[in-house]
Structures are given as C-alpha cells and as structure tokens.
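Have the structure open while you read.

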Amino acid sequence: GPGQAEMYAGLQELGVANGEDLKETLTNCTEPLKAIEQFQTENGVLLPSLQYALPFLDLHGTPRLEFHQSVFDELREKLLERVSAIALEGKVEERYKKLEDLLEKSFSLVKMPSIQPVVMCVMKHLPKVPEKKLKLVMADKDLYKACAVEVKRQIWQDNQALFGDEVSPLLKQYILEKENILFSNDISFLQNFFSPSPKTRRQGEVVQKLTQMIGKNVKLYDMVLQFLRTLFLRTRNVHYCTLRAELLMSLHDLEISEICTVDPCHKFTWCLDACIREKFVDNKRARELQGFLDGVKKGQEQVLGDLSMILCDPFAINTLALSTIRHLQDLVGQDTLPRESPDLLLLLRMLSLGQGAWDMIDSQVFKEPKMEAELITRFLPLLMSFVVDDHTFTVDQKLPSEEKGPIPYPSTIPEAFTKFLQENKIACEIGLYYILHITKQRNKNAFLRLLPALVETFSDLAFSDIFLHLLTGNLTLLSDEFALEEFCTSLFDGFFLTACSRKENVHRHVLRLLLHLHHKVAPAKLESLQKALEPTKQSGEAVKELYNQLSEKLELRKPSPAEVTETPSMELPLPTVPTPASR
C-alpha cells in the first residue's frame, strides 16, 4: 500500500535496498532463485559466522524475518543505550555535534515504526532540535504525538496556540474536579473542601501533568500563568488562583530553581503555603509576609497583581478568615480594640489584597486597595459584641434564676451588621466565616439570630458554592434541630428558598443537605420542602438527578398501610450516642 511505500521511502536516500528494489530485480532477471539468493547476500547481516548458522535456523523452521527482527531489536536497544550515553559524555559541543549528525542520517527513516524510537531518542537528547526538523514533526500529527515531551517543549515555546490546545483540556478538568468536590454528596464537618493539605493537592493529576509539560522552561511557565490570568479575568473563577499557587509550589517541591528564582512571588507563596498547611497565620510568618508586602519597590508594583492572585486563592482566603476570627476572640479576652492589633490589621490587608485581585488585574492599576476605616472601627467591634453576647448568655444560664425568669437570647441584629454584609466585601467575607464558626460550635441561638442577614449579601457571597459547601457541612452538627418547625422555617423558607429559583447552585446545595438529613426533618415540613424543591423545566441535569435521589429515599421511608397496624416489635431501643462536646 501507499503507507508502506512512504514508510520505507527513507531507505533509498541512505542507499539501502527496499521492497521496490527487489521487485525490480525479480522483474528483470532470468533466474529468480539465484537473484533472491544474491539479494539476500548483499542485504543480509554481514557476519561470516552467520553463513553456516542461517541454514541451521532454516532447518528448525525459524523464518528469516523472525531472525532478522530479533537481531534488529537487539541492535536497536544497543543504539538507544548508545544515544543516551552520547548525550552525557564528552564536551558539550562535541556530544551535540554527534547527535545532530546522527539525526541528519536517521531522520529520513522517522516514518519506519522500527526506526522511529531511535530518531525520537536522538531528538529528545538535543537541547535544540534544528528548526526544520521541528517544523516537519509539527506538520505531521502522528510524529507530533510520538514525540518526547522534551521535543514538544521546543515546539510549544514558539507556538502559543498549539500549547494552549494542549493545556486547555487540563484546565477544564481542574475546574470540574473542584466543582465536583464542592457539590459532593458526602457532607461532613470533618472532611470538607479545605481538608486536603497543600502537599496532597499538588499531587493531583492536572498539577502533575502541567509541571511535567513545563519542565524547567520559563517561557512555558509564563504562558501557563498568562492563560490562568486570562481565564480568571474572563470567568472570575477563583479556582484558577489556586492552580496558580499550586503550580508554583509544585515546581518548588521539585527544586526547579530555573523557574522559582525568577517568579517574584516564590518566597511569599512558600511562606503562605506553610500558613495554609496550619490553617493559621502565626506571628512569625505574619512578620515575614508583611516584609514581602512592604518590600515591593517603586517601579515593581506589577508584582502586586500576582500577589493578589495568590491571595485570592480560596485556600488562602480560608486561612486568613479563620485566623481573623481567632484573633477577634483573643481580643475579646484581652479587652483590646481591633485597631490596636497589628497582626489583625495585616490579616485584613492581605484579605483586601486578595479580594481586590480581579479589579487590579482587570484595571492594570497596581496599588493596594484602600482599607475602609469603618471596617476596623465599627464592623469588627460589632462582631466582638456578638462574642460577648454569647459569653453573657452562657453565664446567665448558669446563674441561679431570680424571680425575673430566664433571660432570653438577644434576637435582633444591629442594622449596621446587615448593611456591612451588603456593602463591604471584606466585612461580608469575615461575617460569613463568623457564622460558620458559630454553626461549628453548635450555637443554634447565635445562628438563628444572624441568619436573616445572609439573604442579601455583597454580590450574593452567602449563596456562593464555597460558603454553602462549608455551611451544609457544619449544619450536620445541628442535625437534631431539624425536627423543629421553627428552625426549619428560618433555615429553609427564610434563607435557602429565597434564592433557589434564581440560583441553580443553591437548589443543588439544599438537595444535598436534605439527602443527608431528611430522616431528621419533621414529616410535614419535609413534604412541603419536597413540593418547593421540585425541578422546573429550566432546571439542569444535576438538580433533577438529586431530586430523584431524594424522592426515592422518601418513598422508601413511607410506611405501607399494612405496617401501620402491625403490633410494635419487641426490639430493644438502641442506646443514644452522646454527641461530642463542641470545641
């Protein structure tokens, strides 16, 4: 076939006979058998000792092809070993000269499956494959596919579009993996989106593949960062910021100094990575991080764009917000105001840099966002007053009650709190983390008091996937409250259902929660929720799928008429397991 002809085309250039030559010889000769014998002698393996060994193999029925093939495989292995050895020995210029000569001789046979591995091996060891050969490889899909990544890097670095085509599916996969975790059916306050350590996350398939594709090539690294910035701008999806940090730290793990030393964010990211591992910014690291921020020189402000993207990574925001809540609690105990705590101010400074990433990269105006004084003088003291309310209430509960009866828990929210959550992004982020904190403490009173403030928040942050993922996880700690009408009405009617119809993701999170907790919900409430949550024509597949799963579970729960009239079984009641005390 034509494929065969093309495959062996290179042999003639090298003066080696091929099938065409044999055909020609046989067509123009008088004694075919003699001609074949002569062709075999001329083109066989030239070893005198073989003259007698080959007829012996013939007697054993071993085809000549099989023999030649095994000799060939053996030689090819030796050649591959030799090429790899040449690549390491002698003076640099000399060894590459040898390899280039070898490539020049062998490249015409690159289409022969048997020879191809050798040609590919030679190219793999050449730090600069001649431009002409790279173009030929690029023009041929099969050759390009068969290339070692070392050769592909040389092709990619001057072909951004081609590199983009290779990277794009990986980035899509990465975002999908993140969303799958956020919407996972396993709901738990112990295991959540933020549980895996940074080191574990960097072992993920996509990060590893990208690290492998980049190698030590700064140009390719820069291209990937450019893709990530562009996609972050286009979609506002913060997972691209996570990947930006993970990629840098993956190269850091491999000690690829060629890249780490030229990325101005390296040391900052490394220090922040240690904080994320501990889920806390301690004083020593806080000083270090502050040093990096204060050290941004005139004329180098552009690095702020990169730092802001590193700080916009949800894992960084999570760490900064958790640390902020811990600091506020400490301040209550020390009777100190937020503005008197330099550590707290630094956390806010980094939060606001991270929260401002999109605007900064979009506007290309590289300066730190201004911190609103009110955030420090009014909002944070307000949060501290909530902490005080809890302490007071707890103490009051323990005091012997006088005639006045029990003191009710404060039920109103200061209007300022609601306003801050609507108008100030950082206040909103910290407020949401405070609500996660009280939920984790199983503080139902505080939760119900602050919940109404979540219906309208800054750019709907309370309906974002990360917050709802964490909230649903923490709500499993209050699972016993779901039997109470009042609690369910506040949570579902007062919060979730206000957004279900306009936000598909909220619909999904409510269904996830109910799939997990339906057996705790009062039957009448469950029935009305099932009606309210029914998918519409516009609902996506995920919502329909979850709704069907929930309906099946509820179907199984309904007692059949026969069961209702049966005598109660004599099984012993299971002992109730006490829930562990809240931390």
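What volume does the largest cavity have? About 90 Å³. Before going further, a note on the ground rules: this is a predicted model, where local features need pLDDT of at least 70 and side-chain atom pairs count only at pLDDT 80 or more, while totals for chains, interfaces and linings use all residues. Residues are numbered from 1 along each chain as its sequence is written, and side-chain values use heavy atoms, with hydrogens and water left out.

**Cavities**

A cavity here is a set of points, on a 1 Å grid over the protein atoms alone, where a 1.4 Å probe fits but cannot get out; lining residues have an atom within 4 Å of a point. Grid points are joined across faces, edges and corners, and the volume is the space filled by probe spheres set on the points. The structure holds 2 cavities of 30 Å³ or more.

Around the largest cavity you'll find residues including Pro198, Met249, Leu272 and Asp313. Helix H12 (198-201), helix H15 (239-253) and helix H17 (266-278) each give two or more residues to this lining, and H17 gives the most, with 4 residues. (Helices are DSSP runs of H or I, at least four residues, numbered from the N terminus.) Sorted by class, the lining has 6 nonpolar, 1 polar and 5 charged residues. For these classes, Ala, Val, Leu, Ile, Met, Phe, Trp, Tyr, Cys and Pro count as nonpolar, Asp, Glu, Lys and Arg as charged, and the others, Gly among them, as polar.

The second largest cavity holds about 30 Å³ of space. Its lining is made by Ile325, Leu328, Gln329, Leu383, Val387 and Tyr434. Here helix H20 (314-334) gives the most, with 3 residues, and the lining has 5 nonpolar, 1 polar and no charged residues.

**Salt bridges**

A salt bridge is a side-chain nitrogen of Lys or Arg within 4 Å of a carboxyl oxygen of Asp or Glu. By this rule, the count is 24. Here are some of them:

| Pair | Closest N and O atoms |
|---|---|
| Lys135 and Glu131 | 3.0 Å |
| Arg229 and Asp306 | 3.5 Å |
| Arg502 and Asp460 | 2.9 Å |

Lys135 and Glu131 are about one helical turn apart, because they sit 4 residues from each other in helix H8 (residues 131-139). Lys135 is exposed, at 53% relative accessible area, whereas Glu131 is partly exposed at 47%. (Buried means under 20%, exposed over 50%, partly exposed in between, with a 1.4 Å probe and protein chains only.) Asp306, at 13%, counts as buried. There is also a network of salt bridges linking Lys199, Arg202, Asp253 and Asp273.

**Two single residues**

Where is Ile413 found? Look in the loop between helix H23 (373-398) and helix H24 (415-423). Ile413 is partly exposed, with 21% relative accessible area. Leaving out residues up to four places away in sequence, Ile413 touches Phe386, Thr418, Arg449, Leu450, Pro452 and Ala453, where contact means heavy atoms within 4.5 Å. Ile413 and Arg449 lie 36 residues apart in sequence and 6.7 Å apart in space, C-alpha to C-alpha.

Gln212 is in helix H13 (residues 205-214) and is partly exposed at 46% relative accessibility. Not counting residues up to four places away in sequence, Gln212 touches Val149 and Arg153.

Conventions: On a 1 Å grid over the protein atoms alone, a cavity is a set of points where a 1.4 Å probe fits but cannot get out, and a pocket is an open set with protein on both sides within 12 Å along at least five of seven lines; lining residues have an atom within 4 Å of a point.
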